[in-house]
Amino acid sequence: MNFMSANHLYGKHGDGLQHISTSCFAIDNLLDGGFPLGHVSQVAGESASGKTQLCFQLCINVQIPSSFGGMGANSIYVDTENTFISSRLLEMAESTVENLRKRATEVKGLPTPDTFLSTIYLFRCQEAVQLLSVAHQLFDFIKQHPTVKLIVVDSIAHCLRSEEDSKTRLRFLHNLAEIFRKLSRDFHLAVVIINQVSTKLSASFHGTSSVIPALGAIWSNVPSVKLMLTKQNGRRLAIVYKSLTHPRRVVDYDITKDGFRDAASGRSTSMIFSQATANDLLCNDFTQNSQTFKVRRSPEKSTEFEEKTKNKRTRSTESNHSDLSQSHPGDEGCCVEVDFFHEMPPSHHPESRDDGQSSPSSPILLSGSARKKRRFT
Amino acid sequence: MPIQLLAGMCPALTSEILMQLTSKGIKQVIDFVSMDPEKITALCGLPFKKVLSIRRVLLAQYSAFPVNGLDLYNEALSTLAVLSTSCSNLDEILDCGVYTGEVTEFVGVSVSGKTQLCQSLTIQVVGELEQNVVYIDTTGGWSVKRAADITRTRFPQKQVSSVLSRIQLCQCYDIKELQECLEQLQKSLHNQPDCFYSSLKLVVVDSVSAVLGSSFVSGTYVEGCSLLQSIGRRLNALAKDFAIAVIITNDMVSAASTTSTEFYSMKPALGRCWTFVPSVRVVLEPDKEPCQLWECKYADKSCSLFEPTIKAIVDKSVRSPRQSTLLKITNAGVANGT
């Protein structure tokens, strides 16, 4: 084991993208620009709260080429719930490409939706044993594919909850925790784990109950970034209750046809870029009014940048306000575009089981075949 | 670790005698010492005088010396340092701060502020006291950015890089790595390869249960216990031998409830045998479930700004009685709660 000076790390991590953007400005804010590389993060939430959508968005955002200010990296998707719907991913990829085209000064080097899909390595697992063996093999797999910067596990609870023996379950959890931590450290990549929720009853039967992430107290200490997605009175809320640098906050988010986005008030500019270019983009169009956005990459820059955005914001809110009210007449924080989930909830989607026959321990490369599938709009 | 008998350990213990001893199954020091000298003489055919002289040397070599209480006190005064936590509430219940020569444990559920407390104390020691810190991260919870933020908020006049250069970081994600790391640390403290180790005053292990928790499930129970004890002993030795404060964090696990009002209660992880390792234990309890939306009197926007207040309870300490206080986590690290 070698010791590193914290000062050395401070200098080292100062440059280069260290976070994968969620496309939701409010959440990116609280995570310093998105899910951090080198750490294990957890997204928990009730069924149909948008966990899978968030992970799809991460898979796409991690691939945005470096010429567009992204990471230009690949991702691994471990699917245990059979919720990986490639047509939905394609839809999100298309809107991302569209967005990139709008912003690009020259069209050269623009990725196609197919390239987005073809570099997501999908592993399908049904049981805990499969999940564990996939996890063990990821070390070799990533050595062969060093561009991987994101591992998504959707979800960890699904196969572990069916494990009856508590000791076996514990062993799985400890093993998985160790593997994911080591993966995140050794390859400096982000591990995002989706978790289900369970109910915690406190004090006798008349006491209150609360919704907490599943898998118990031992697992709860594993992730260093934790999000809870929840719905209240029709509003989608994300509780960022554990992060490396920020205190607990609750923010709005939304899921649109384009993907995981800010809630309607701040949505007109869909932020698909990571922190580095978010900086430049902000100065062009920034209509976020509820959150203050700070880039803290270096202390000298931040103050200068804050001033810049402040000036811009006051100008741009006026100009964009009419535009906003036009496109979304009278919306009260709820989704005005196609409500993706109410039409077709992901868990009931028939196409999700199409790829079931392929072996779970080998990655399924998504490419043109996914395109041929019927798209739903 | 059992100590083997070796030729030349004492003048009388020659290789011929050693051969005779090992052929009769007396291989370790403890075998020799625990056996009756007369029996050894009879068993191995060695002269009684020689056996006695070997025994005398071995006993002298492996026994501890009696120390005068006053000398001990004077020595303690000269080596003891109390590292203030910069939070008056916490200092009060800890009797002025974290003591060197002791293992201090912070126990709490997830999101109770354990890692924040560790980082806050680390920055306090390197920034205010200008001593060095070794930070062993086993959960991936360490953030350089957070450390830099705390430094900037608390010591605006100091240069961040100079403060952070006093911290050595080590990420160990399994027991073997942690053992190696502690071994290396011990070696470095003995040899003092550079000046960093001469003013090392704090070693943080965040958290012990993340790596040690699996020891019970991966092997037999006894193996797990002995692994735990060896790490625990090493931490204690580190604290005592080099007059260093050792801070460890531990998680909570659910246990069958002893009262009828709750379904289950929480207890520190790693079982009973670990409870003897730390000299001071502080339990951290957030007052609300952090992953929940709470009802509050304000409109939604400010409601989202609420953070749980943390109750810190001294569960074990030789100096202070069981008492509790309130803490909260701010931009500048841990602070007094209300």
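**View 1. The cysteine pair B:Cys273 and B:Cys225 in the predicted model**. The sulfur of B:Cys273 has its closest cysteine sulfur in B:Cys225, at 3.8 Å, which is too far for a bond. A disulfide is defined as a pair of cysteine sulfur atoms within 2.5 Å, and the structure holds 0 of these over all chains. B:Cys273 is buried, its relative accessible area being 18%; buried denotes under 20% relative accessible area, exposed over 50%, and partly exposed the range in between (1.4 Å probe, protein chains only). The model is predicted: local features require pLDDT of at least 70 and side-chain atom pairs pLDDT 80 or more, whereas totals for chains, interfaces and linings use all residues. Side-chain values use heavy atoms, without hydrogens and water, residues are numbered from 1 along each chain as its sequence is written, and chains are lettered from A and ligands numbered from 1 in the order in which they are written.

View 2. B:Cys195 is exposed, with a relative accessible area of 64%.

**View 3. Packing of helix 10 and helix 13 of chain B**. Helices (H or I, at least four residues) and strands (E, at least two) are DSSP runs numbered from the N terminus. Helix 10 (residues 175-191) and helix 13 (residues 221-242) of chain B have axes 11 Å apart and pack at an angle of about 20°. The axes are lines fitted to C-alpha atoms, for helices over the stretch in contact, and angles run from 0 to 180 degrees between N-to-C directions. Helix 10 and helix 13 of chain B are therefore roughly parallel to each other; angles under 35 degrees count as roughly parallel, over 145 as roughly antiparallel, 65 to 115 as roughly perpendicular and the rest as oblique. Their crossing is left-handed, meaning that the near helix is turned anticlockwise from the far one by less than a right angle, with right-handed used if clockwise.

**View 4. Packing of helix 3 and helix 4 of chain B**. Helix 3 (residues 37-44) and helix 4 (residues 48-62) of chain B pack at an angle of about 130°, and their axes lie 9 Å apart. The two helices of chain B, helix 3 and helix 4, are therefore oblique to each other. Helix 3 of chain B contributes B:Pro37, B:Glu38, B:Ile40 and B:Thr41 to the contact, and helix 4 of chain B contributes B:Phe48, B:Val51, B:Leu52 and B:Arg55.

**View 5. Cis peptide bonds in chain A and chain B**. A:Asp154 and A:Ser155 are joined by a cis peptide bond with omega of about -10°. A:Ser155 is located in the loop between strand 7 (148-154) and helix 7 (156-160) of chain A. In chain B, the peptide bond from B:Asp206 to B:Ser207 is cis, and omega is near -5°. B:Ser207 is located in the loop between strand 6 (200-206) and helix 11 (208-212) of chain B.

**View 6. Positive phi at A:His188 and B:Ser86**. Most residues other than glycine have a negative phi. A:His188, not a glycine, has a positive phi of about 50°; A:His188 lies in the loop between helix 8 (166-186) and strand 8 (190-195) of chain A. A:His188 is partly exposed, with a relative accessible area of 25%. B:Ser86 has a positive phi near 70° and lies in the loop between strand 1 (82-83) and helix 6 (88-93) of chain B. B:Ser86 is partly exposed, with a relative accessible area of 34%.

Methods:
Contact means heavy atoms within 4.5 Å.
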